[in-house]
Amino acid sequence: MSVHGHSHADHDHASDHDHDHRGHGHAGHDHGPVDTGDWRYAVALAINLAFVVCEFAAGFAVNSTALLADAGHNLTDVLGLAMAGGAALLARMGGHGIAGGRRTYGLGKATVLAALGNALLLIFACGAIAFEAVRRFAEPAPVHSMTIMAVAGVGFVLNLATALLFIRSQHDLNARGAYLHMMADAGVSLGVVLAGGLMMATGWSMVDPIVSLLIVAVILWSTWGLFKDSVNLAVDGVPAQVDVIRLEAALRELPGVTAVHDLHVWGLSTTETALTAHLVHERADPTALLKEAQVLVRTRFFIGHTTLQLETEALPDCPDC
């Protein structure tokens, strides 16, 4: 921590930059890039890529468009996992940037772009599934129910197991994207199993496209939150877990603080948050006030990167104003 005091005419300025590089932890949760768990992406990628190859082979062998469509959907998940894992690796390699470098915040933002890419891939996959389902209404085709049920059943088990690798990292938008991808795949596979069973029992081929459209609706509903949050972080919006009104009120309630202005909060990555603010105060001990503000922001709002400027009266950002 560094504290800098500057005298500007009759105004006392102190600015502090707090970058807690010890994992940004709170209440037993680690919010640093190390939590991305690169090994999980590698394991998930290997398992799903192997299954996609097998599912494509089975689809061609029995001439099943349902299996081929599901394999295509699984392939988008493989691509999504590759993006998420690559972004997590970049975030770890990039660190927090080097002074004088071109990326002083590191490469953590890559995790946000990967989360956004995951959401867009899910939406694209939903469009492809819906298109195929509608086509099947007009052109019903004979279905190999037993083969579909067996292959989709294996896919359900593998996708569910893969999703469980990321279930404890829902605070990380990037890992959440991977989790939703795998859960969506598990849901698709389970729907295909159920559709195969119904078609075997009733002989009604329309079950396949109906179930497919229901699955699309479920995937879109679960993806909307990921898409909204990732777009918000991509444009440097306030992370969903931070209540700016409460944050500003808490800073204003610090002893000696009379006003808070120029408060900005944004995501450095899917796990790290930054804050800048000007605090107008009447304290004789600005260093103590900075420490109190840092502790407040870090422990109550889980923001590990803070830059605070103290003023004895509100000053404009532009020195010539």
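This is a predicted model: local features need pLDDT of at least 70, side-chain atom pairs count only at pLDDT 80 or more; totals for chains, interfaces and linings use all residues.
Is Trp224 buried or exposed?

Residues are numbered from 1 along each chain as its sequence is written, and side-chain values use heavy atoms, with hydrogens and water left out.

First, the overall layout. The protein chain has eight helices and five strands. Both are DSSP runs numbered from the N terminus: helices are H or I with at least four residues, strands are E with at least two. Starting at the N terminus, the order is β-β-α-α-α-α-α-α-α-β-β-α-β.

Now burial. Buried means under 20% relative accessible area, exposed means over 50%, and partly exposed is in between, using a 1.4 Å probe and protein chains only. Of the 321 residues in the protein chain, 48% are buried.

Next, contacts, meaning heavy atoms within 4.5 Å. Take the contacts with a separation of 6 or more: 71% of them join residues 24 or more positions apart.

Back to Trp224. Trp224 is exposed, because its relative accessible area is 52%. Its partner is Phe227. A search of the whole structure finds one aromatic pair. The ring centres of Trp224 and Phe227 are 5.9 Å apart and the planes sit at 35 degrees, so this pair is tilted. The cut-offs: rings of Phe, Tyr and Trp (its six-membered ring) pair if their centres lie within 6.5 Å; planes under 30 degrees apart are stacked, over 60 edge-to-face, and the rest tilted. Both residues lie in helix H6, residues 207-234, three residues apart, about one turn of the helix. An α-helix has 3.6 residues a turn, so residues three or four places apart point the same way. Phe227 is partly exposed, at 22% relative accessible area.

On to helix H4, residues 145-164. H4 has 20 residues and spans 28 Å from its first C-alpha to its last, close to the 28 Å expected. The expected span is 1.5 Å times one less than the number of residues. Which residues of H4 are buried? They are Ser145, Ile148, Val151, Ala152, Gly155, Asn159, Thr162 and Ala163. They cover an arc of only 135 degrees around the axis, so they sit on the same side of H4. That arc uses the directions from the helix axis to the C-beta atoms.

Last stop, Phe302. Find Phe302 in the loop between helix H8 (286-301) and strand S5 (305-311). Phe302 is partly exposed, at 39% relative accessible area. Phe302 and Thr273 are 29 residues apart in sequence, and 7.9 Å apart in space, C-alpha to C-alpha.
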